[in-house]
Amino acid sequence: MNHLTDVTDLTCPARPKLRSVVGAPRSVPARPLDLRVRAQRIQIDELIVDDPRQVLAHAGQAALNDPETAALLGHDPATPLSLPAAAALLCALYDTDALTAMGLRLARHTTRVSASNQQTEPVSLVLSTTPGQED
């Protein structure tokens, strides 16, 4: 006697559906690659003296204001500055815009960049511009 006493609905599953534990793959934030790249940038400004008296006057004042830098460039307070020493002192202390107001003019600007990683030889790039040059 196989009578079923309990009637079970066979259309509904006996257990609830389990959700998948494995979700969509997460995007891992990209980590920067450390290639140990070394770069050296050298900027060279070639200047021309437009007004020697103005350059000497500004350099004399600069030597009084910053005697340590002047001494590093070979300036002796007992002797007057030569024009090349005066221009070098001003170039060491001021940027190109200030130098223009002090009687110096930019003739050419050159940037030299070398870069390498630990396994390769340096790669060099030289970019030179002259004021008023058509690009």
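Which side chain meets that of R108 in a salt bridge? The partner is E46, at 3.8 Å from N to O; a salt bridge is a side-chain nitrogen of Lys or Arg within 4 Å of a carboxyl oxygen of Asp or Glu. The pair links distant parts of the chain, with R108 in strand β2 and E46 in strand β1, 62 residues apart.

The model is predicted, so local features need pLDDT of at least 70 and side-chain atom pairs count only at pLDDT 80 or more, while totals for chains, interfaces and linings use all residues. Residues are numbered from 1 along each chain as its sequence is written, and side-chain values use heavy atoms, without hydrogens and water. The chain averages a pLDDT of 82, and 79% of the residues score at least 70; pLDDT is the predictor's confidence in each residue, from 0 to 100. Confidence is lowest in α2, at a mean of 89, and highest in α1, at 94. Helices (H or I, at least four residues) and strands (E, at least two) are DSSP runs, numbered from the N terminus.

The structure holds two salt bridges. Besides R108 and E46, the side chains of D50 and R105 meet at 3.1 Å, N to O. D50 lies in the loop between β1 and α1 and R105 in strand β2, so this pair ties together parts that are 55 residues apart in sequence. D50 is partly exposed, at a relative accessible area of 46%, and R105 is partly exposed at 40%. Buried means under 20% relative accessible area, exposed over 50%, and partly exposed in between (1.4 Å probe, protein chains only).

Helix α1 (residues 52–65) has 14 residues and reaches 20 Å from its first C-alpha to its last, close to the 20 Å expected at 1.5 Å a residue; the expected span is 1.5 Å times one less than the number of residues. Within α1, V55, A59, A62 and A63 are buried. They lie on the same side of α1 because they cover an arc of only 100° around the axis, taken from the directions from the helix axis to the C-beta atoms. The face turned away from this buried side carries the exposed residues R53, A57, L64 and N65.

The largest nonpolar core has 13 residues, and V55, L81, L89, L90 and L104 have the most contacts inside it. Such a core is a set of buried Ala, Val, Leu, Ile, Met, Phe, Trp, Tyr and Cys residues joined through side-chain atoms within 4.5 Å.
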